[in-house]
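Open the model in your viewer and keep the sequence panel beside it.

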Amino acid sequence: MKDIFQRIKETPGPLGQYQHLADGYFMFPKLEGEIQPKMIFNGKEVLNWSLNNYLGLANHPEVREADAQAAKDYGMGYPMGARMMSGDSKFHNKLEQELADFVGKPAGYLMNFGYQGMVSIIDVLTTRRDVIVYDSEAHACILDGMRLSLAKRFVFQHNDMDSLRKQLQNALPVAEQNGGGILVITEGVFGMAGDIGKLDKIVEMKKEFPFRLLVDDAHGFGTMGKTGAGVAEHLNCTDGVDVFFGTFAKSMAGIGAFVLSEREIIDHLRFNMRSQIFAKSLPMPMVIGGLKRLELLKNKHELREQLWNIVKALQKGLKEKGFNIGKTESPVTPVYFEGGPEQGTNVVVDLRENYGIFCSIVTYPVIPKGLIMLRLIPTAVHTLEDVERTIQVFSEVKEKLPQGFYDKPIPFKNLNI
């Protein structure tokens, strides 16, 4: 027998093994100052492309005022207890219904956090008799939700409708034999590469197979569609999405999540979701602040227009300079370079310390070997000057990579690597 603590110390995990090198810089970095494009990192001002503050609401004066007033009126503790026991309020109900009306669904339910919400939604919607068919690049919350579920699983290749059809053909006899149903799960916007799920084509496939569709549109809500109601609106297939899931952590610049569906399905979730039944209700400032954020999202169309002005300028400028930005169809902007993890970490140090650019880095095994991905998140509060500066800096990095500039560590303060 081995002591649990001893095992943890000996096997820190795939990321934990780099803690002594990366903690506080590549992982758990501390950005300070007002939430805006320019913030302080490692003692220096950096141009920040790493916050999911798509519409710039995090520091919007009306949002700040609503948050502050709600905290003054109710404090952070109200309402006390879980929703089912003592934590409900008319404001929770109001936000739920306004979200449902906006997206075009009959009913909604608020949740404390997006990650735990999705995990328990999948668990409640499925039983051991059912079958889940999911996209191979589904978010971690979807994967963990399926682990909790007792349903059998089939995975289809990312956004590949032929693969989906094949897996539905595999799933159908299993569901029929078990007396269960089929739940297809995908995303609206895939948050790493920025491409969008083929929701319209998946909905069309309902003519061939009997299944329900659950869509995680965390990155699409507020950014995609004519009114910002998400990718299903963008692809004109909202009615075909049976369960719509979104979070407040992206366009709404807050905390919490929501799920929308038929009234009977929402009631079933309300009375069976363990992550909500046994957890404290979303605090009132988050709820009242959410109402204000939704109001601005719906009515301040110029915020989304400004976001897309920045997105188009950034993505067009990068492509004109010969950069590979993949197949993104959303604000999420990946920029791919040739190189390995070692070069990637040195690129990040150079960007942050010498150029004052802060963005996230992704390397193997998340993306194929031989590639580095720098992930940019444009927002409505970035400027065209920010875009021009970033493209110029990336162009310089692109020239330095094949020259071997990033083959050796770049020295910098406050971290030993």
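Predicted model: local features only at pLDDT ≥ 70, side-chain atom pairs only at ≥ 80, totals over all residues.

Residues are numbered from 1 along each chain as its sequence is written, and side-chain values use heavy atoms, with hydrogens and water left out.

**Stop 1: a surface patch**

Select Ile4, Phe5 and Ile8, which form a nonpolar patch on the surface with about 330 Å² of accessible area together. Ile4 belongs to helix α1 (residues 4–10); helices (H or I, at least four residues) and strands (E, at least two) are DSSP runs, numbered from the N terminus. Is isoleucine 4 buried or exposed? Isoleucine 4 is exposed, because its relative accessible area is 52% and the cut-off for exposed is over 50% (buried is under 20%, partly exposed in between, with a 1.4 Å probe and protein chains only).

**Stop 2: backbone exceptions**

Most residues other than glycine have a negative phi, and most peptide bonds are trans. Select tyrosine 78 and proline 79: the peptide bond between them is cis, with omega near -5 degrees. Proline 79 sits in the loop between α3 (61–74) and α4 (90–103).

Next select asparagine 159, in the loop between β6 (152–156) and α7 (161–178). Asparagine 159 has a positive phi of about 55 degrees although it is not a glycine, and it is buried, with a relative accessible area of 11%.

Then move to alanine 253, in the loop between β9 (243–247) and β10 (257–261). Alanine 253 is not a glycine either, yet its phi is positive, about 50 degrees.

**Stop 3: a pocket**

Select Leu125, Leu183, Arg212, Val243 and Ile265. Of the 14 residues that line the second largest pocket, these lie nearest its centre. Elements giving two or more residues to this lining are β7 (182–187) and α10 (263–270). A pocket is an open set of points on a 1 Å grid over the protein atoms alone, with protein on both sides within 12 Å along at least five of seven lines; lining residues have an atom within 4 Å of a point.

**Stop 4: a cavity**

A cavity is a set of grid points where a 1.4 Å probe fits but cannot get out.

Note on methods. Patch = residues over 30% accessible without salt bridge, like charges linked within 9 Å, V, L, I, M, F, W, Y side chains within 5 Å. Areas by Shrake-Rupley, 256 points an atom, 1.4 Å probe, with all protein chains shown as cover. Salt bridge = Lys/Arg side-chain N within 4 Å of Asp/Glu carboxyl O.
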